Amino acid sequence: MFYNNTKTMAAVGGVLLLISISACVFFFYIVREQKLTLQDKVSVQAAAEAHQESLKKMMTMLEETKLDRKSLDSRVLDADGVINFLALLETLGKEQGVTLVTSSLNTEQINDTFERLIVNIRVSGSYEGVIHILKLLEQVPYQSELRATNISRTSVEQRDSWEGVFELSVTKFKKHEN
């Protein structure tokens, strides 16, 4: 009888061993899946925190450069400021005692945001007046460049009769239709 009892205990022990091993393997897979899920959550959280930090830095930079951007915007003609710019040129001519005529206006595309306003200007008057207008055109308060200049005497009889022809390129914002 002692022999049967040992067999029964060995069988029960073997079944318990198999159940224990199966439970351990089952829990191992559950823990591994939990670990993988947790790693995914941690990496998503880290990416979200990095993105949030990047946004904070950009917002800080945006706030720090606000005045600089505003200053740059004022150096570029807006789409509706062309008439005011031409009036400024006329005023400069009147103040210098010369005749200033805008002979043509054209635009050149730069990109989707900006274009160049090409202004051809004819100035006639005294040599000092024409030269002073040239100096003022070089210093207009916008992003600009003088592309061409030509200064000549208009007549030999009139000693102080000069003419200047200038091509001025001014950067301006494109007018976007909504």
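N120 has its place in strand β2, which covers residues 114-125, where helices (H or I, at least four residues) and strands (E, at least two) are DSSP runs, numbered from the N terminus. This is a predicted model, in which local features need pLDDT of at least 70 and side-chain atom pairs count only at pLDDT 80 or more, while totals for chains, interfaces and linings use all residues. Residues are numbered from 1 along each chain as its sequence is written, and side-chain values use heavy atoms, with hydrogens and water left out.

**A residue in strand β2**

With a relative accessible area of 18%, N120 is buried; the word buried stands for under 20% relative accessible area, exposed for over 50%, and partly exposed for what lies in between (1.4 Å probe, protein chains only). The side chain of N120 makes a polar contact with the side chain of S104 at 2.5 Å, a polar contact being a pair of N or O atoms within 3.5 Å, of which, within protein, one must be able to donate a hydrogen and the other to accept it, and residues adjacent in sequence count only if both atoms are side-chain atoms. When its neighbours within four places in sequence are left aside, N120 is in contact (heavy atoms within 4.5 Å) with V101, T102, S103, S104, F166 and E167.

**The chain as a whole**

The secondary structure of the chain comes to 4 helices and 4 strands, and along the sequence these follow the pattern α-α-α-β-β-α-β-β. The radius of gyration of the chain is 41 Å, well over the 16 Å that the globule rule gives for 178 residues, so the chain is more spread out than a compact globule; this radius is taken over C-alpha atoms, and the rule is 2.2 Å times the number of residues to the power 0.38. Along its principal axes, the C-alpha trace spans about 145 × 30 × 25 Å.

Of the 178 residues of the chain, 20% count as buried. Among contacts in the chain with a separation of 6 or more, residues 24 or more positions apart account for 63%.

**Further positions**

S169 lies in strand β4, residues 162-173, and is buried, with a relative accessible area of 3%. Apart from neighbours within four places in sequence, S169 is in contact with R116, L117, I118, Q143, S144, E145 and R147.

L55 lies in helix α1, residues 2-64, and counts as partly exposed at 34% relative accessibility. S74 is found in helix α2, residues 66-74, and is partly exposed with a relative accessible area of 47%; with neighbours within four places in sequence set aside, S74 is in contact with P141 and Y142. K135 belongs to helix α4, residues 127-138, and counts as partly exposed at 47% relative accessibility.

| Pair | Separation in sequence | C-alpha to C-alpha distance |
|---|---|---|
| L55 and S155 | 100 residues | 66 Å |
| S74 and G97 | 23 residues | 28 Å |
| K135 and T37 | 98 residues | 70 Å |
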